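Reader: I have just opened this structure and would like a guided tour. Could you take my questions one at a time?

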Amino acid sequence: MLKMDGVTKVYRTDVVQTYALRNFDLDVKEGEFVAVMGPSGSGKTTFLNIAGLLESFDSGHYFLDGENVSALGDDKRSRIRNERIGFIFQSFNLIPDLNVHDNVEVPLRYRRMKSGERQQRVREVLEVVGLASRMKHLPSQLSGGQQQRVAIARALAGEPRVLFADEPTGNLDSLMARQILDLLEGINEDGTTIVMVTHDSELARRAHRSVHLLDGQLMDPEVTVLGAEHGEATASP
Amino acid sequence: MFSYNLRLALRSMRRTPILSALMIGAIGIGIGVSTTTLTVYHLRSGNPIPQKSGQLYAVQLDNWSPNEPYGGTSDHLPTQVTYRDATNLMRLGKAKRQNASYITSMTVIPHNRNQKPFHVISRVTYNDFFPMFDVPFQYGGPWGDADNSSRAQVVVLSHELNEKLFGGANSVGKDVRLDGNRFRIVGVLKHWEPTPHFYDLENDSFGDSEDAYIPFDLTVPLKLQSAGNNSCWGNGSDHSFEGHLESECVWIQFWAELPTASARARYHQFLGNYVRDQKKAGRFPRPVKTSLRNVMQWIAYNGVVGNDTRSLVGLSFMFLLVCVLNTIGLILAKFMRRSGEIGLRRALGASRHALFRQYLVESAVIGVSGGAVGLLLGWAGLFGVRSLLGGNAARIAHLDWTMIGISLLLAIAASVAAGLYPAWRVVRIPPAAYLKTQ
């Protein structure tokens, strides 16, 4: 599903260059739930941005869903983000003056889906996250947990092949965090691959396996296979 | 997608009302000033008879002094012709239609004794004037050729004079007294106000049309005097009426209707031959020089649109440019404030092109709103022009549908131009950079 070979990302200024990722390799199989862990500044967010085609990289290769996406143009990258990728952010990133319905339909708008089909899909995903009755509410009228469920509905609306979650429970209390994780597990059980960036080891334990990043490199490869049906997952520095 | 972008634009304007008002205000002021000057320019330089302006030609002949050329025009050709040449050319009649005319001042003595006598300007003209210049009639029509030759005292009234004398009723067949002579009314015009007054640019290009029209052949029997510009060379005339008619003074406007290029060429040839014939009779001491200019050429040649008007339009557009530059800054600030949303939309699959279109639609919405404000300001500006200048400015300074359309298009173009750089700038930054700012 997701394969990175020797991906390197360098941030350069006039006086210094910083390796955010250095010869990074990762292979995530279809249907896996992988946690990417590491301390602040270890390169987790850079990895997620590159994996989500939000950022380019300097060298290496990246295959998503079997397609080499290392050097695609903006239009093609946008289309892949729209059709195959879903994002969940720590701070939910809902558009404050759009109601729940309009927030969830944003990716479908860029897919030029017909109105009837779009309405139906929005209702379906809001039912999955239990917020179909709140369609007309603004984000400010919802709790943090509800906002994150709207964000998950938005990520699911486009029926993505892979979900990238960046500290999805970072802004939630433990009860709400548990509910969100239950929801993510359910989504994963329905077949969607999930890659979650976190520095919370409790959270990582809910994934099938976790990989650890330090200074832009994978360290101490640790493979944790929780279910035989997910196949073998590998990670190497 | 356009309707979605439109909805987003309106929502965005509601979200930042003060910033939006500033942008609309900046565009509005620029458009208001441009609209005011452009309207004056447009009405001064417009085509007063678009359906046949290319077929109507002002005739010029160089009958001037052998010692010095005519000084009033760039090519030293007089802009009017003499009485002798006017009547000769009419008699020789080589064009589809042709017309000689001039204005004279007359006094109307109303039938209604409660009304005092008043002064009117009459055009002394041949009857071809009316079909040639597509003059619209409300009642009756022009006098006939027989009236021309029989020197019948007939008159066509303007809509306004008919209103004044007969309350707008059909007055055809009734009489009106002009300068003590009884004239039979044969026609009443609809309101007719070509702007500029192209067929006679000698006498106030933006003045009122004449109040009455009477046959040219009455010039001699009624000893009608021109109330317009007269230009003479040498000693001019001997100051007698007959002497003035025989003189080389120019005071008559002469037009020919020439529907085709070949007709124009033939007429030009005819004018040259006419001048050569006149030379044999001892007239036209200068080299043979004649000219035919169509309506728009005639308006340009006579400098109806002055350099001051052009300069004002130029200055107003520079002011609009300043407004656009200010708007660029405001739009950029507005768009950059929404960088988080831009990053998010990019993450959710919006391409740069899609977002670029979205922001241009928002700029265009600002433009339409600014255009509406600008039209109101322009209307107020023109009201000010009318109040300040009065008189003919009242006719020149009004908004027509063309100007409303041009102003709105200008506003949209200005705001889209102002939005181009900010939109390009915000969609260029990688989405990851924006998401960090959320």
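**A tour in questions and answers**

Reader: Which residues have the most contacts inside the largest nonpolar core, and how many residues does that core have?
Author: Happy to start there, and please keep in mind that this is a predicted model. The residues with the most contacts inside the core are A:Val36, A:Ala153, A:Phe164, A:Val195 and B:Ile27. The largest nonpolar core itself has 105 residues.

Reader: What is the strand order in the open sheet of chain A?
Author: The sheet has six strands with mixed pairing. Its edge strands are E6 (85–88) and E10 (217–219) of chain A, each pairing on one side only. Neighbouring strands are turned against each other by 25 degrees on average, direction ignored. The order is E6-E7-E8-E3-E9-E10.

Reader: Which residue is the bridge partner of A:Leu213 in E10(A)?
Author: Strand E9 (residues 209–214) of chain A is joined to E10(A) by three bridges, and the two run antiparallel. Within E10(A), the partner of A:Leu213 is A:Leu218.

Reader: Which helix packs on that sheet, and what angle does its direction make with that of E8(A)?
Author: The helix is H7 (residues 174–189) of chain A, which touches strands E3 (33–37), E7 (162–166) and E8 (193–198) of chain A. Its direction and that of E8(A) make an angle of about 150 degrees.

Reader: Where do chains A and B meet, and which element of chain B supplies the largest share of its side?
Author: The contact takes 21 residues from chain A and 18 residues from chain B. On the chain B side, helices H1 (2–15), H11 (339–347), H12 (352–389) and H15 (431–435) each supply at least two residues. That side divides into 10 nonpolar, three polar and five charged residues. The largest share, four residues, comes from H11(B).

Reader: How many helices and strands are there in chain B?
Author: Chain B has 438 residues, of which 43% count as buried. Among its contacts between residues at least 6 apart in sequence, 78% join residues at least 24 apart. In chain B there are 15 helices and 10 strands.

Reader: Which residues of strand E5 of chain B are buried on each side?
Author: E5(B) pairs in the parallel sense with strand E7 (residues 181–189) of chain B over four bridges, and B:Val154 stands opposite B:Arg184 there. With strand E8 (residues 212–215) of chain B, E5(B) pairs in the antiparallel sense over two bridges, and B:Leu157 stands opposite B:Ala212. Both faces of E5(B) are covered. The buried residues are B:Val154 and B:Val156 on one side, and B:Val155 and B:Leu157 on the other.

Reader: Is B:Trp298 buried or exposed?
Author: B:Trp298 is found in helix H9 (residues 295–301) of chain B. It touches B:Ala58, B:Phe198 and B:Arg293, not counting residues up to four places away in sequence. Because it has 23 other C-beta atoms within 10 Å, B:Trp298 counts as buried.

Reader: What does B:Glu246 count as, with its C-beta neighbours inside 10 Å?
Author: B:Glu246 is found in helix H7 (residues 241–246) of chain B. The number of its C-beta neighbours inside 10 Å is 14, so B:Glu246 counts as partly exposed.

Reader: Over which residues of chain A does pLDDT stay under 50?
Author: Chain A averages a pLDDT of 85, and 92% of the residues score at least 70. Where pLDDT is low, the predicted coordinates should not be read in detail. In chain A, pLDDT stays under 50 over residues 222–237.

Note on methods. Residues numbered from 1 in each chain as written. Chains lettered and ligands numbered in written order. Predicted model: local features only at pLDDT ≥ 70, side-chain atom pairs only at ≥ 80, totals over all residues. Contact = placed C-beta atoms within 7 Å. Nonpolar A, V, L, I, M, F, W, Y, C, P; charged D, E, K, R; others polar. Pairing = 2+ DSSP bridges. Axes fitted to C-alpha atoms, helices over the stretch in contact; angles between N-to-C directions. Buried ≥ 20, exposed ≤ 12 C-beta atoms within 10 Å, placed from the backbone. Core = buried A, V, L, I, M, F, W, Y, C linked by C-beta atoms within 7 Å. pLDDT = per-residue confidence, 0-100.
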